[in-house]
Amino acid sequence: PDHPYRLTVTDGPYIDAIVPAVANPWAPASFTLIGRNLGGTPAPELVVDGRPLERKVVKLTPASGSLDSFYPSLDYLPSPAAPRRGFEHTLQTPSGTSNPVFIAEATDPVVVEKEPNDEAHPQEVTPPCDISGAFGAPNDVDVYRFKAKKREVWGFEADAERLGSPADPLLLIQKVD
């Protein structure tokens with residue numbers, strides 16, 4: 001009696017991820033939904049429990065401030081010290097409405113991770129920017145390279161929990177000669 005729960009069983013759509021996970025407000029953009037029963041195309045390289053996921057591309061125009069940063073979702077309890085801004089998207093299909101997926105509000109141009117971007121193939125970026133990346137496998141390392149000049153001051157932030165992800169990212173900044 002002290003720990004109730006609710007179980008929903010459905011053959012409706014379920015979104016596991018969205019790429020990019022960040023967007024500029026009021027700028028129309030294409031997003032790739034990754035999940036099950038989306039009505040998209042199979043993604044045989046993305047397998048969960050032996051079954052391939054699907055991809056479905058949707059076009060959205062994020063509205064600035066469309067969610068209250070202190071109460072951005074019924075499924076998310078925000079930290080007062082680290083509020084998030086953005087909006088949630090659900091996919092409407094004939095078999096039902098998907099779970100909501102959060103898209104963060106970008107403050108700079110959005111760069112989407114392109115594989116391979118490891119130590120041997122760093123991805124060039126031009127700051128300031130918001131990078132939308134993903135951990136493709138356990139211990140995945142993503143490497144980005146940018147030019148900086150002496151006495152420039154840059155700020156870096158890796159968000160995972162604020163996006164609703166259980167990931168625990170580590171950010172390492174190195175000077176490469």
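What percentage of the 177 residues in the protein is buried? Buried residues, meaning those under 20% relative accessible area with a 1.4 Å probe and protein chains only, make up 25% of the 177 residues.

The model is predicted, so local features need pLDDT of at least 70 and side-chain atom pairs count only at pLDDT 80 or more, while totals for chains, interfaces and linings use all residues. Residues are numbered from 1 along each chain as its sequence is written, and side-chain values use heavy atoms, with hydrogens and water left out.

The protein contains 13 strands and zero helices; strands are DSSP runs of E with at least two residues, helices runs of H or I with at least four, numbered from the N terminus.

Two values computed for the protein are tabulated here.

| Property | Value |
|---|---|
| Accessible surface (Shrake-Rupley method, 1.4 Å probe) | about 12,800 Å² |
| Part of the accessible surface belonging to carbon and sulfur atoms | 55% |

Of the contacts (heavy atoms within 4.5 Å) between residues at least 6 apart in sequence, 44% join residues at least 24 apart.

Four strands form an open sheet in the order S1-S3-S5-S4, with antiparallel pairing; two strands pair if DSSP finds at least two bridges between them. Strand S1 (14-19) and strand S4 (41-48) are the edge strands, each pairing on one side only. On average, neighbouring strands of this sheet are turned by 40 degrees against each other, direction ignored, with axes being lines fitted to C-alpha atoms and angles running from 0 to 180 degrees between N-to-C directions.

S4 and strand S5 (residues 51-60) run antiparallel and are joined by five bridges. Ala43 stands opposite Leu53 in S5.

Technical notes: Buried means under 20% relative accessible area, exposed over 50%, partly exposed in between (1.4 Å probe, protein chains only).
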